[in-house]
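The sequence and structure are shown first.

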Amino acid sequence: MNFYACIIGSEILNGRRVDKHFEFLKNELQKYGHVLFASFIIKDDVELIKSIYRLIKEDKNSVMFSFGGIGATPDDLTREIAAEIFTNKPLQRHKEFKQDIIDRFKEEAYPHRIFMADLPQNSKLLFNPINNMSGFSLEDRYFFTPGFPQMSHPMISTVIKELFSHSIKKYRFTLLAQTSENTLIEVMKVVPREIELSSLPILGEGGASVEISLSYEDEDYVKSYFNLFIKHLKKLGIKYNLI
């Protein structure tokens with residue numbers, strides 16, 4: 001599975017608000033051995049949101065958590081765009097959510113708040129423990145939540161626990177070598193794509209060094225490629241430390 005975050009809010013990009021979703025989602029996924037595949041922070045712009053949603057939809061392994069834009073004000077664009085991109089059908093008033101809005105706001109549900117119940121067809125509601133104004137999901141893959149962390153984060157925690165809690169154990173091997181990245185490029189080239197390879201150069205007073213880290217689900221498999229770096233470093237007489 002490829003997990004995506006789509007954080008919608010011009011107020012984050014212009015500095016009026018600080019994003020709290022990325023760190024939360026990263027940590028919540030890590031509880032179960034998952035990592036984010038990509039994260040986007042974008043403004044409230046129709047064509048931009050459509051482009052990001054299309055990109056994510058085209059990934060057959062995608063799981064998306066979208067934050068923001070599901071309210072009833074004119075700048076809340078998510079519901080209508082989600083309907084177009086993910087269902088290719090018009091919005092439909094969700095009967096249960098409609099009643100929740102009426103129960104909470106009474107006569108003030110109309111004329112505006114009631115539009116929050118207009119959702120993409122076949123949407124499932126995501127319970128909001130703060131005020132029962134739900135988020136929604138499609139296909140158990142695309143999840144749409146409010147921009148307010150205190151509302152969206154409990155929703156996401158529940159979703160991940162219920163649908164994506166199968167823990168995937170990965171094995172990581174890391175070393176710090178007293179050399180530049182350039183010395184190890186030829187070894188890097190033989191590491192298969194399915195193995196996560198990270199090369200982090202470090203510039204310090206003692207000269208260049210590099211941190212090499214490999215991670216994969218098969219311990220013996222990933223260790224065999226990690227040992228290629230150790231062998232190469234020993235051959236060249238370069239000092240290194242295992243981390």
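The account below turns to the sheet and then to the cores.

The model is predicted. In it, four strands build an open sheet with the order E10-E11-E9-E12, and their pairing is antiparallel. Strand E10 and strand E12 form the edges, each pairing on one side only. From one strand to the next, the twist averages 20 degrees. Strands E9 and E11 run antiparallel and are joined by seven bridges. Within this pair, Phe-173 has Leu-214 of E11 as its bridge partner. Helix H8 lies across E9, E10, E11 and E12 and runs at about 10 degrees to E9.

The residue ranges of these elements are as follows.

| Element | Residues |
|---|---|
| Strand E9 | residues 171-177 |
| Strand E10 | residues 196-204 |
| Strand E11 | residues 207-216 |
| Helix H8 | residues 219-236 |
| Strand E12 | residues 240-242 |

The largest nonpolar core contains 29 residues, of which Tyr-53, Met-64, Phe-86, Ile-101 and Phe-144 touch the most other members. At least two residues of this core come from each of strands E1 (2-8), E2 (36-42), E7 (135-138) and E8 (142-145), and likewise from each of helices H3 (46-58), H4 (78-87) and H5 (95-105). Another core of 18 residues lies apart from it, with Tyr-32, Val-63, Leu-126 and Met-155 among its members.

Beyond its neighbours within four places in sequence, Phe-144 is in contact with residues including Tyr-53, Met-64 and Phe-86. Other contacts of Phe-144 include Ser-66, Thr-78, Gly-135 and Leu-126, and Leu-126 belongs to the core of 18 residues.

Conventions. Residues numbered from 1 in each chain as written. Predicted model: local features only at pLDDT ≥ 70, side-chain atom pairs only at ≥ 80, totals over all residues. Heavy atoms only, no water. Pairing = 2+ DSSP bridges. Axes fitted to C-alpha atoms, helices over the stretch in contact; angles between N-to-C directions. Contact = heavy atoms within 4.5 Å. Core = buried A, V, L, I, M, F, W, Y, C linked by side-chain atoms within 4.5 Å. Buried < 20%, exposed > 50% of the residue type's maximum accessible area, 1.4 Å probe, protein only.
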